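Student: I would like to learn how to read an interface between two chains. Where do we start?

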Amino acid sequence: MAERAGRLPVKKTYKLYIGGAFPRSESGRTYEAEGQNVARASRKDVRDAVRAARAAQPKWAGMTAYNRGQVLYRVAEMLEARTGEFAELIGDEAEVHAAVDRFVWYAGWADKLAQVLGSANPVAGPYFNFTVPEPTGVVGVLVPEEPPLLGLVSRLAPVLVGGNGAVVVASESRPLAAIELAEVLATSDVPGGIANLLTGFRSELAPVLAAHMDVNALDVTGADGDVPELERLAADNVKRIVRGSADAQSPWEIAGFLELKTVWHPMGV
Amino acid sequence: MAELEQRGDRTPIPAAWEYASAPESREIVKLEERYGLFIGGEFVEPRSGEHYKTLDPSSEEPLAEIPQAGPEDVALAVGTARKAFSDGWSAASPAERAKYLFRIARILQERSREFAVLESLNGGKPIRESRDVDVPLAAAHFFYYAGWADKLEYAFPHRRQQPLGVAGQIIPWNFPLLMLAWKIAPALAAGNTVVLKPAETTPLSALLFCDVLRQAELPPGVVNIVTGDGATGAALVKSEVDKIAFTGSTEVGKAIQRELAGTGKKLTLELGGKAANIIFDDCALDQAVEGIVNGIYFNQGHVCCAGSRLLVQESIYEPLLEKLKRRLTTLRVGDPLDKNTDVGAINSRQQLDKIEELVAAGEEEGAEIYQPPCRLPEKGYWFAPTVFTNVAQSYRIAQEEIFGPVLSVLTFRTPDEAVEKANNTPYGLSAGVWTEKGSRILWMAQRLEAGVIWANTYNRFDPASPFGGYKESGFGREGGLHGLEPYLDFREDSADVIGG
């Protein structure tokens, strides 16, 4: 064995993030990306992730908006603390700063959405009538290939802030930031199962997510040539299709993952 | 029932009510023998050369011949709408657009009786309903959206917005004029032009509406009406429109979503429902009974948000059912033009077949059927108000949308169980909750997966109130500020614009 000057570093195994745990793909497969062996998720992993998201989502949606905002702010704190690590990984410190700021920006929206997107409705009769936004439920997210961190954060944060559970298919060519981000999420009080991150082949995973009957919405922002087929599959349970922006922040990006509920009650004595 | 009648503090119910008939005159409606397609501000012969007969479903009497628009006709209508859009409508001042819409609202009010009679004639719905609900609400929708036309920047602050272009709109037969208003009013307010396809069986009020447009002097081509069956609708979906708005069955809605996949065209779907109407034991029982009846027998149950699954807390199951059955015996089923009528004719032979098929399935699967004694007219399409008890959640009558006057009764013990059962459907359009406890109403409202929750009321509609579904009941909202969003193009939005 060759002599070494320093100690031999311990290398990280890049795994999936499902239900708050870090399993390997049940298929036992990996692929090489960014010089690492990265888990190559299977259809079964997608289904497991959807089940985890569905199970976790009511609790997340049931938290107070103030509380949800604090958890997302905590994500920003954890991400900030690991700036150096992420900068080294993706080679762009400015992008890391932008990702932190994006989480902070969205964290502040949690308890403002209902006021900006909801309404009190002046109906022509003795009724109190109001409209409030609610989470759509479980959202499938196909994140853009680039930028590796900010693209992911820009799509994930608006899904989470409204109270949804997410199943994310990470950038295929640059997946490491997603797994690193999973470690941030796991230490940020985001309930396990709310954000599930899968690495693997987009063409293999996206159709499974699009066709899954227990997914309520599909974000195709990061999809490329296969959008028509994904949208066709999504119609089987009338999924909401969101075509968002890879690098923007806006309450309307959140609105795509929300339903509007209108409640009527008579007024009288 | 007998027990109730013998109580000393109640006025005994006579054995049988006798009503003198009070028919509304048909005289106000002037029908053409044969109609054209309304394209570019005038009625034109269909290039398809085909027509079909539209009927009065209460008598099966043919009323008029209606064009069956083919793909060529649809393309002409869309091209005409496109030209009207670029030739001035999109550039017209928003205040002018508003004034056209106000005019339309006023003319609908002025001609309300004519529209009410025609709507009942062609659709089979009771005149009391078309007179008091459909027509006034249609006018109110135009009046409401008229006021938005020149205030859009306040509706969506910090957003760059522009009209989409040509909106293709496909509407159902249950509220023909009202659905037309739900579609056309926000589309025009936002600056779009329109090609609208009325339902195959109920085209007449849309064709009469063309005369309202003439009186309002709306520029030609801004609204075009193409009549026909599902093939015409399919042609409209495939045409060069910028947006499709569809109200109808979930099955057709999914087909439309598939057809538009990958085109980037804006889509809103208002689809089917299987709403739970949930009755807690502390509710105001008599009010709840009225709400149940209004929930499922209003408009013969031809209502996508009908309260077709009654969930009753077990402790009040018997008294509630007794009251409900008693109330059903007082419903008047018959001539839609009779002002006493509560339940009119089923809209078509096809719909009647579907109701009969599902009701037979309910009996087959083991549910117990109740229908009040009532004499149904010999001609026309009729179905008596029906209640099914002993219904399991798995029965087809508890799962599938019947779209008729058929109620399936299930029971529950706890609020959690009520929520669980109510949400146990792919649909999510509406729900009802009856309880005198305010905190429970809000608790339930939060947990029910439905776009509209009626608490201690049911089947209320208003232009200011957003309407639309969760899950497989569709997406997008109609009504209110939120109903404008589907008709505007925000594609130029960016982080800079919204100040992010």
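Tutor: Start with buried area: the accessible area (1.4 Å probe) that two parts lose on being put together, summed over both. The size of an interface is often given this way. Here chain A and chain B bury about 3200 Å² between them, 57% of it on carbon and sulfur atoms. Val238(A), Trp252(A) and Trp264(A) supply 22% of the area that chain A buries against chain B, more than any other three residues.

Student: What kind of model is this, and how is it numbered?

Tutor: It is a predicted model: local features need pLDDT of at least 70, side-chain atom pairs count only at pLDDT 80 or more, and totals for chains, interfaces and linings use all residues. Residues are numbered from 1 along each chain as its sequence is written, chains are lettered from A in the order in which they are written, and side-chain values use heavy atoms, leaving out hydrogens and water.

Student: How many residues of chain A are in contact with chain B?

Tutor: Contact means heavy atoms within 4.5 Å. By that rule, 38 residues of chain A touch 43 residues of chain B.

Student: How many salt bridges does the rule find across the interface?

Tutor: A salt bridge needs a side-chain nitrogen of Lys or Arg within 4 Å of a carboxyl oxygen of Asp or Glu. The rule finds two between chain A and chain B. One of them joins Arg477(B) to Glu259(A) (3.9 Å, N to O).

Student: Which strand of chain B is joined to β10(A)?

Tutor: Strands are DSSP E runs of at least two residues, numbered from the N terminus. Two strands pair if DSSP finds at least two bridges between them. Three bridges join β10(A) to β17(B) (residues 452–455), and the two run parallel. Val263(A) stands opposite Ile453(B) in β17(B).

How values were computed
Helices (H or I, at least four residues) and strands (E, at least two) are DSSP runs, numbered from the N terminus.
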